[in-house]
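Here's a quick briefing on charged side chains and who pairs with whom. Have a look at the structure first, then read on.

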Amino acid sequence: MLSISKLLKKTGHQIFLNILTVLGVSICWSLFIVPAIFLLPVQWAIVFLILTFIPSTTAAYAVMHHVLEGKKYKFGMFLKSFLRYYRRAFLLGLVYGLAVLIPLSEWWYYLTINHSYFIFIFSVFQTYLCLTFLATQVYAIPMLVLKDCKMLAAMNQSIKEFMGHTWYTIGLFIQILCITVLISFTVIGFFLLFIGMLAVFVLNATRNLELDKKKETLIEKSRIEQTV
């Protein structure tokens, strides 16, 4: 099983080899993000993101998975993937949105209405719980793409992987947050590279778990053969 540092090196190499696809996927993804940020009023922007953010992200993962498998990118693949995974990804997005909305609303209540120490502690605790939940769902979108499973099955599998590889997943989650924050400082880089780079990284991290399972299976088989 590769460490996070080796995983980053592998991801960087694959991004370099597939830079045109990374750019194309990121631009297609940005077409769903730009209207919400720059064109729509706040209320409509939120609705638009709820409807499109996770489905477009899932489409980006699906295209990058197709390319990483050594297959050629075909015109219109992003849109086809968007439509194919839309229902499952939309439901998953509602769950993610709720996990983000809960701590945000609690902090809004603390900052604007009630400044008590109890509300502050409760807000911190709630934020911790929601971040932990999001960390358990790092593999949900990759599972939708790699295994083409249902939304609840993908979430359940992601939780199992988190429980089996807790510190690995926490390190991965921190890396995702760091990459997101750093690339957000360069607006052009965010819209041209972010989701393509992230998709390659998280897909590699998910495949890494499968390699670890195969290695454990081989070790168990060799032990059984030795005992026999």
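Asp 148 and Arg 88 form a salt bridge, with their closest N and O atoms 3.0 Å apart. That pair bridges distant parts of the chain: Asp 148 sits in the loop between α7 and α8, Arg 88 belongs to helix α5 (residues 86–112), and 60 residues separate them. Keep in mind that this is a predicted model. Overall, the structure holds three salt bridges.

- As for the background, side chains of opposite charge can pair when their charged atoms come close.

**Buried or exposed?**

- Arg 88 counts as buried because its relative accessible area is 17%, under the 20% cut-off.
- Asp 148 has 36% relative accessibility, so it counts as partly exposed.
- Arg 84 comes out at 51%, and because the cut-off for exposed is over 50%, it counts as exposed.
- Glu 69, which turns up in the next group, is partly exposed at 46% relative accessibility.

**The Arg 207 and Glu 69 pair**

- Arg 207 forms a salt bridge with Glu 69, and here the closest N and O atoms are 3.4 Å apart.
- This one links distant parts of the chain as well: Arg 207 is in helix α10 (residues 187–227), while Glu 69 is in the loop between α3 (42–68) and α4, and the two are 138 residues apart.

**Where Arg 84 sits relative to Glu 69**

- Arg 84 is part of helix α4, which covers residues 77–84.
- How far apart are Arg 84 and Glu 69 in sequence and in space? They are 15 residues apart in sequence and 19 Å apart in space, going from C-alpha to C-alpha.

Conventions: Residues are numbered from 1 along each chain as its sequence is written. This is a predicted model: local features need pLDDT of at least 70, side-chain atom pairs count only at pLDDT 80 or more; totals for chains, interfaces and linings use all residues. Side-chain values use heavy atoms; hydrogens and water are left out. Helices (H or I, at least four residues) and strands (E, at least two) are DSSP runs, numbered from the N terminus. Buried means under 20% relative accessible area, exposed over 50%, partly exposed in between (1.4 Å probe, protein chains only). A salt bridge is a side-chain nitrogen of Lys or Arg within 4 Å of a carboxyl oxygen of Asp or Glu.
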